[in-house]
Amino acid sequence: FTILFIIYFVFLLMAILWFCLSILTLFIPILFGTYLMSKARFSESMLEAVAFGIPAGIAIFTGLLFLLDAIFGSFSLPLLYIELILLTIPTILDLVKKKYAHKSGRRLPKFNLNTYLLLAILVLTIIISSIFVFSVAKIGNTIYCIDASIIIPDLLLIFSFVTLSVLFTYRLTKKVGATLAAVSIFWFGGTGLMKIIDYPFAAYLSRFMQPIHLIPIELSYMPHANTIQTILSIIQMSAIPITYWTTIINNMLIAQHDFMLGLPLGIAILYLLYKFVFDSGKAKFGIPELVLIGVLAGLLPLVHPATLFVVITVAIFFIAYNVAIKARRKSLAGWIFVIIPFLVIAIPELLYMNLQHRSSNWFFPIYNGFIVNAHFAVLTYLYTFANIIFFWVEVASLPIIFSFVGLIFAKRELKLTFLPFFVLLALITLYSPMPNPADSNKIFLYVFLILSALT
């Protein structure tokens with residue numbers, strides 16, 4: 001009995017030690033990211049620093065793991081512990097000082113948001129976390145919610161991208177009511193407004209809540225079609241893969257787990273670029289801050305290539321805006337400190353990915369087939385245009401209509417911000433920069449955020 005007790009005690013001690021190491025492995029990168037972001041002068045509150053720091057810490061930690069794997073050809077636990085120690089040293093030194101302050105000595109306020117927006121962050125985080133956890137557990141038939149090493153990072157990332165979506169939208173609209181409406185539309189809007197009920201509480205209703213998938217009818221095969229048949233055939237052209245768009249929770253977070261890190265990191269970079277170009281407020285953008293933005297963007301090829309495509313497109317438009325506006329040309333030099341670290345980190349990652357031969361045809365256009373083949377060129381153009389209009393109304397529902405009305409009342413900065421996203425919308429309408437055309441919805445997600453703000 002004594003021997004069995006000793007063996008049991010040793011195994012229990014090892015299990016506790018392993019659990020503690022797992023928790024340390026989880027929280028050290030996040031603490032490092034929060035520490036880094038709290039020191040960056042573009043963070044205007046600890047809420048922002050934490051929201052930035054969660055995805056940034058995980059992305060930097062993961063990027064270093066890939067770097068070690070590329071250098072040594074393999075990966076081992078001693079290398080992991082060395083990396084954790086290196087990340088821990090600056091964080092511990094800062095925690096010993098018991099403060100998060102900028103170099104200027106100014107302490108960061110805890111929050112810089114309206115009480116209603118803080119409450120919205122809390123409510124949205126709880127709702128999305130509940131749907132996500134139970135849905136993944138249900139789909140995978142696993143003990144997902146018991147595995148702390150998986151569930152804790154996911155919950156923290158959910159808090160991060162919910163917070164960042166509220167911060168970014170509020171920066172765009174400058175109105176509490178508009179922000180609350182916009183984030184509600186963004187997370188639960190589109191053709192899947194009722195998906196919050198569907199997963200996981202009433203899955204049997206899913207057949208009634210999915211987007212309409214009807215078979216397109218080529219007009220060239222209908223030589224005797226009358227006007228009514230022609231109109232119906234255009235309305236029915238909804239079989240392009242991107243039409244499967246319900247809610248972000250259902251289409252992205254549950255179905256594509258890489259978006260859990262790609263989404264908050266993408267929104268964070270877009271939010272920081274917007275502040276740098278249009279509305280810095282109390283944020284300051286010196287060389288260290290700009291280099292940090294470039295580093296985060298440089299990690300996107302490994303984290304989420306679709307988000308990289310969005311960030312590059314938006315950055316090109318913002319740089320063009322700085323060139324076009326005389327008063328903004330003095331900030332052009334700052335872009336150099338974003339671009340150089342981005343290229344230094346992103347190019348080796350892209351080369352590394354290319355050598356793996358895990359996917360093909362990346363970033364090559366694939367025609368999506370919107371053109372309706374009619375007997376006359378004029379009818380072909382008209383039917384194709386009608387096809388596109390019906391398609392996006394079906395996919396994005398009312399936001400696709402109201403967003404263009406919102407442009408009339410939107411502030412100048414929001415109108416200018418909409419331009420690169422409108423280009424992205426036009427691009428994925430005609431082509432898909434992804435190997436699978438259905439993956440264009442990864443780009444549309446960011447477009448939908450701006451459409452929600454305009455709505």
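Reply: Tyr271 is buried, its relative accessible area being 1%, where buried means under 20% relative accessible area, exposed over 50% and partly exposed in between (1.4 Å probe, protein chains only). This is a predicted model, in which local features need pLDDT of at least 70, side-chain atom pairs count only at pLDDT 80 or more, and totals for chains, interfaces and linings use all residues. Residues are numbered from 1 along each chain as its sequence is written, and side-chain values use heavy atoms, with hydrogens and water left out.

A search of the whole structure finds 18 aromatic pairs; rings of Phe, Tyr and Trp (its six-membered ring) pair if their centres lie within 6.5 Å, and planes under 30 degrees apart count as stacked, over 60 as edge-to-face and the rest as tilted. The ring centres of Phe168 and Tyr271 are 5.8 Å apart and the planes stand at 50°, so this pair is tilted. Because Phe168 belongs to helix α5 (residues 148-173) and Tyr271 to helix α11 (residues 259-277), the pair ties together parts that are 103 residues apart in sequence. Helices here are DSSP runs (H or I, at least four residues), numbered from the N terminus. Phe168 is also buried, at 2% relative accessible area.

A second tilted pair is formed by Phe418 and Phe422, with centres 5.8 Å apart and planes at 45°. Both residues lie in helix α18 (residues 412-430), four residues apart, about one turn of the helix. Phe418 is buried at 4% relative accessibility, whereas Phe422 is partly exposed at 37%.

Finally, ring pairs link Phe168 and Tyr271 into a cluster whose members include Phe42, Phe52 and Trp335.

How values were computed:
Helices (H or I, at least four residues) and strands (E, at least two) are DSSP runs, numbered from the N terminus.
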